[in-house]
Amino acid sequence: MTAADDPVLAGVGPRLRALRQRRDQTLTALSAATGISVSTLSRLESGGRKPTLELLLPIARAHGVALDELVGAPRVGDPRVRSEPVEMHGMTMWPLSSQPGGLQAYNLVVAPGGARSEPEQKTHEGYDWLYVLSGRLRLVLAEHDLVLSRGEAAEFDTRTPHWFGSADDRPVELLALFSKQGERLHLRARPKGSR
């Protein structure tokens, strides 16, 4: 693939020329500042030379710009995740990730009692990771019946029968990472008897 075949690479030359001209700089002056020959700079700007990191870094330094500006990297949007809490099965869940697929992060508050008070172990494809922020979390994992306190974490393959809920009469707050399958089954499955 040549630079002309790749739209990102094809756009580098015109950006280099426009930046140099905006700064009212000659190829000779840029060559002196970067140590790159005038002919190489000219070929970069015309698309006759493939832009490489070794060539672009000194040019970016000479112009005092980020490398992203030279290659036309997309601007990064607001990275904050804004979500509404969802209540389900005695839990309040705040999604902490916004990209679909892969691992999904949640802040969970599990109320004592309710639908999650009696352990009913489930299995499914996936992987879960839980970190207790406050309160005490009861985790039943196959034959293990564990209580995790603030600052403790657990991770497990969800093909192992499992259940988690509040360990006492107070809510427990935790961070949870669910694999795609775990997120779907923990948070999107319908409770028994609902349609």
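The model is a predicted one, so local features are taken up at pLDDT of at least 70 and side-chain atom pairs at pLDDT 80 or more, whereas totals for chains, interfaces and linings use all residues. Residue numbers run from 1 along each chain as its sequence is written, and side-chain values rest on heavy atoms, with hydrogens and water left out.

The protein chain holds seven helices and nine strands, which are DSSP runs numbered from the N terminus (H or I over at least four residues for helices, E over at least two for strands). Of its 195 residues, 33% count as buried; here buried means under 20% relative accessible area, exposed means over 50%, and partly exposed lies in between, with a 1.4 Å probe and protein chains only. Take the contacts (heavy atoms within 4.5 Å) between residues at least 6 apart in sequence, and 61% of them join residues at least 24 apart.

Starting with the helices, α2 (residues 12-22) and α5 (residues 53-63) have axes that come within 11 Å and cross at roughly 25°. Axes are lines fitted to C-alpha atoms, for helices over the stretch in contact, and the angles between N-to-C directions run from 0 to 180 degrees. The two helices are therefore roughly parallel to each other, on a scale where under 35 degrees is roughly parallel, over 145 roughly antiparallel, 65 to 115 roughly perpendicular and the rest oblique. Their crossing is left-handed, a label that applies if the near helix is turned anticlockwise from the far one by less than a right angle, with clockwise giving right-handed. On the α2 side the contact is made by V12, L16, L19 and R20, and on the α5 side by L56, I59 and H63. That set splits into five nonpolar residues, one polar and one charged, where Ala, Val, Leu, Ile, Met, Phe, Trp, Tyr, Cys and Pro count as nonpolar, Asp, Glu, Lys and Arg as charged, and the others, Gly among them, as polar.

R20 sits in helix α2 and, at 10% relative accessibility, counts as buried. Leaving out residues up to four places away in sequence, R20 touches Q25, T26, L27, L30, E45 and H63. Over in α5, the buried residues are L55, L56, P58, I59, A60 and H63, and they pack against α2, α3 (27-34), α4 (38-46) and α6 (67-71). Just after α5 comes G64, with a positive phi of about 70°.

The α3 and α4 pair has quite another geometry on show. Their axes come within 9 Å and cross at roughly 110°, which makes α3 roughly perpendicular to α4. This crossing is right-handed. L27, T28, L30, S31 and T34 of α3 meet V38, L41, S42 and E45 of α4, and the contact residues divide into four nonpolar, four polar and one charged.

Next come the cores. In soluble globular proteins, nonpolar side chains tend to be buried together. A nonpolar core is taken as a set of buried Ala, Val, Leu, Ile, Met, Phe, Trp, Tyr and Cys residues joined through side-chain atoms within 4.5 Å. The largest one has 18 residues, and L108, L130, L137, L139, F164, L174 and F178 touch the most other members. At least two residues each come from β2 (91-95), β3 (104-110), β4 (127-134), β5 (137-141), β7 (153-157) and β9 (172-178), with β9 giving the largest share, four residues. A second, separate core of 14 residues includes L41, L55, A60 and L70. As for L139, its contacts beyond four places in sequence are L130, H144, D145, L146, L148, A154, F156, W163 and F164.

D24, in the loop between α2 and α3, has a positive phi near 55° without being a glycine, and at 72% relative accessibility D24 counts as exposed. A142 also has a positive phi, about 55°, although it is not a glycine; A142 lies in the loop between β5 and β6 (144-148) and, at 26% relative accessibility, counts as partly exposed. D169 is in the loop between β8 (162-166) and β9, and its 64% relative accessibility makes D169 exposed.
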